[in-house]
Amino acid sequence: RRMAQRIGEYCSSAGIALISGGASGIDGNAHQGACISGGKTFAVFGTGPDIYFPQSNANLFRDISECGALISELPIGTQGEPWHFPRRNRIVAALSSKLIVVEAPLKSGAMITAGFAAELGREVWAVPGRIDEGSAYGSNKLIFDGAYPLIDMKDFFETSTRSSAR
């Protein structure tokens, strides 16, 4: 969670908008880091734009609406259904030029988003995790399969700002 918040802060300082699904945990921490640092952040919902899910992130979503936007392809009043969230992840991937997976089990929304990003030709990055923790198995597998390992924030963001200036 600390790394996710730092990524949000770095995005802010580099002038890069952060896009995520607004889930609790990693997503929420990244959004917080961007908001607290005065950056732009966007949460893509798997519900209607007026339905905060998870509800525990309601205050965060109000903050995001002040420093970015809440995005949904679903009509107002639409409750979350299990199939909405993987579909939402394709939008996160499409709006991103680079995707960072901070920590992900093999079967997770982050892995679904990484698959969409790869299909769209986006760069996929992953923060290496401990090999004996299931919560890092997916992100470590992404690296094994060819994703860029995010091992130095400064190098990543210098590369990002150079490539976005072209």
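The chain exposes about 8900 Å² of surface, 54% of which is supplied by carbon and sulfur atoms; accessible areas come from the Shrake-Rupley method with a 1.4 Å probe, and for residues only the protein chains shown count as cover. The model is predicted, so local features need pLDDT of at least 70 and side-chain atom pairs count only at pLDDT 80 or more, while totals for chains, interfaces and linings use all residues. Residues are numbered from 1 along each chain as its sequence is written, and side-chain values use heavy atoms, with hydrogens and water left out.

Of the 166 residues of the chain, 42% count as buried (under 20% relative accessible area, with exposed meaning over 50% and partly exposed in between; 1.4 Å probe, protein chains only). The chain carries 16 positive and 16 negative side chains, and the centres of these two sets are 3 Å apart. For this count, Lys and Arg are positive and Asp and Glu negative, whereas His and the chain ends are not counted; each charge is placed at NZ of Lys, CZ of Arg, CG of Asp or CD of Glu.

The secondary structure consists of 7 helices and 6 strands, defined as DSSP runs (H or I, at least four residues, for helices; E, at least two, for strands) numbered from the N terminus. In order from the N terminus, the elements run α-β-α-β-α-β-α-β-α-β-α-β-α. The radius of gyration is 15 Å, close to the 15 Å given by the globule rule for 166 residues, so the chain is as compact as a globular protein of that length. This radius is taken over C-alpha atoms, and the rule is 2.2 Å times the number of residues to the power 0.38. Along the principal axes, the C-alpha atoms fill a box of roughly 40 × 30 × 30 Å. Among contacts (heavy atoms within 4.5 Å) with a separation of 6 or more, 66% are between residues 24 or more positions apart.

A search of the whole structure finds 1 disulfide, the term meaning a pair of cysteine sulfur atoms within 2.5 Å. This disulfide is formed by C35 and C67, with their sulfur atoms 2.2 Å apart. The pair links distant parts of the chain, as C35 belongs to helix α2 (residues 26-36) and C67 to helix α3 (residues 58-67), 32 residues apart. Both C35 and C67 are buried. C11 takes part in no disulfide, and the nearest cysteine sulfur, that of C35, is 12 Å away. C11 counts as buried, at 8% relative accessibility.

The peptide bond from F53 to P54 is cis, with omega near 5°. P54 lies in the loop between β2 (41-44) and α3.
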